[in-house]
Structure formats: structure tokens, C-alpha cells
Amino acid sequence: MAELNTGDGGGKKGGKVRSKKSGSKVDLTAMVDLAFLLITFFMLTTTLSKPQSMPLGLPDKEDDKTKDKPIKVDENRTMTVLLGDNNKMTYYMGLLATPIAGPKEISYGKEGIRKELLKRKKSVLEYTGKKDKGMIVIIKPSKKSNYRNLVDILDEMAIVDVPTYAIVNDFTPEEQKLLEGK
């Protein structure tokens, strides 16, 4: 049983002998029981934080006959982002043979890719005139790029609210040369 002693209350003082008083005792058993009941209650009623994840749509694994047909998209709406090694990122707008803008090496963050995405998103909206036909971003991570850079660019897509983006691991020889800096 838990108890709290508050002292014996007696002793010598100034040469006079006082009578010994019995010490008061407080029973803490009920308080300990209450504490454990409260801890148990709050443990069972709280919700644990759920991990945050980004929704990512992946294609079905079924063989599709339309897989061989290339999808035609407007080059004025398409931006390609190439991720290389050592945190290198290069972008171009349109086709690489006849780019509308770029190819240009750019940095990550608010003053780098985010600023460019916002600018290009606005110009695509002016070009199409429709909100449902927004910018398309093709993200191409190389084998030498790291996972953090891919997550960073996906975060930028969510921040800028790019409606359509895709992760593609197919590089043309020209894009490979561009990433290597040749």
C-alpha cells in the first residue's frame, strides 16, 4: 500500500520535553489507481499520427494493345525535367530538337524550379485558355540521380499544382548527352 509520512511531530526543543505526537498518514492507493486509469483511457482514445503519402497513379499490369501507340500531346504544353547526378537538374519546354525554352540547368527550391514551373504554368494557361488543358511535366530521373531529388520534384508538382505529370525512365541519346554535359 502506498502511503505518505508527514513527519513524527515530536522532539526536543529548548530543553523542554514535549509529548510525542503520532504522524499523520495519507493513503495514496486510490490516486495511483486513478493515474493508471487515466493513462489507459488516453492511450486508448488518442489517434496515432498517420504517415503522409502522396497519391501516385500507376498503370495496370495488363497487356494493352494501345501500349504501342504513342500518345500525341501538344509540345507547347509539355515541360521535360531531367534529373542527373550530383543534384543536377535540367529542363526544357517543348521538344528537345526545337525547344520553346531551354534546355537550361536549374536549381531546386522556391527560386529555381518552382519559379519556372509557375511561370510556365501561367504561359500554358494563356496559350490554351482552358483550365482543364494545363501543363504536362515529364520527369526523367537518370540512373545516377538520387531518390531525394525525385521526391523533391514530386513535392514541387504538388506545391505548384501541376495537373498532369509523369515519371519516365526512357532517355533519348540527346537527353543523355545533355545530362552528361557534352
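The structure holds one aromatic pair. Phe41 and Phe42 make up this pair in an edge-to-face arrangement, with 5.2 Å centre to centre and 70° between the planes. The model is a predicted one.

**Aromatic pair**
- Phe41 has a relative accessibility of 47%, so Phe41 counts as partly exposed.
- Phe42 is also partly exposed, because its relative accessibility is 49% and that class lies between the 20% limit for buried and the 50% limit for exposed.

**The sheet**
- An open sheet is formed by five strands in the order β7-β6-β5-β8-β9, and its pairing is mixed.
- The edge positions belong to β7 (99-106) and β9 (164-167); each has a single partner strand, so one side of each lacks a neighbour in the sheet.
- On average, neighbouring strands of this sheet are turned by 15° against each other, with direction ignored.
- Strands β5 and β6 (residues 89-94) run antiparallel and are joined by five bridges.
- Thr80 has Tyr92 of β6 standing opposite.
- Lying across β5, β6, β7 and β8 (136-141) is helix α4 (residues 173-180), which runs at about 55° to β5.

**The nonpolar core**
- The largest nonpolar core contains 20 residues, and Val137 and Ile153 have the most contacts inside it.
- Two or more residues of this core come from each of β5, β6, β7, α2 (110-128), β8 and α3 (147-160).
- Helix α3 gives the largest share of this core, five residues.
- Apart from its neighbours within four places in sequence, Val137 is in contact with Met79, Val81, Leu117, Met157, Val162, Thr164, Tyr165 and Ala166.
- In soluble globular proteins, nonpolar side chains tend to be buried together.

**Arg77**
- Arg77 sits in the loop between α1 (29-45) and β5 (78-83).
- The relative accessible area of Arg77 is 16%, and since buried means under 20%, Arg77 is therefore buried.
- When neighbours within four places in sequence are left aside, the residues in contact with Arg77 are Met93, Val124, Thr128, Lys133, Gly134, Met135 and Ile136.

Methods: Residues are numbered from 1 along each chain as its sequence is written. This is a predicted model: local features need pLDDT of at least 70, side-chain atom pairs count only at pLDDT 80 or more; totals for chains, interfaces and linings use all residues. Side-chain values use heavy atoms; hydrogens and water are left out. Helices (H or I, at least four residues) and strands (E, at least two) are DSSP runs, numbered from the N terminus. Buried means under 20% relative accessible area, exposed over 50%, partly exposed in between (1.4 Å probe, protein chains only). Contact means heavy atoms within 4.5 Å. Two strands pair if DSSP finds at least two bridges between them. Axes are lines fitted to C-alpha atoms, for helices over the stretch in contact, and angles run from 0 to 180 degrees between N-to-C directions. A nonpolar core is a set of buried Ala, Val, Leu, Ile, Met, Phe, Trp, Tyr and Cys residues joined through side-chain atoms within 4.5 Å. Rings of Phe, Tyr and Trp (its six-membered ring) pair if their centres lie within 6.5 Å; planes under 30 degrees apart count as stacked, over 60 as edge-to-face and the rest as tilted.
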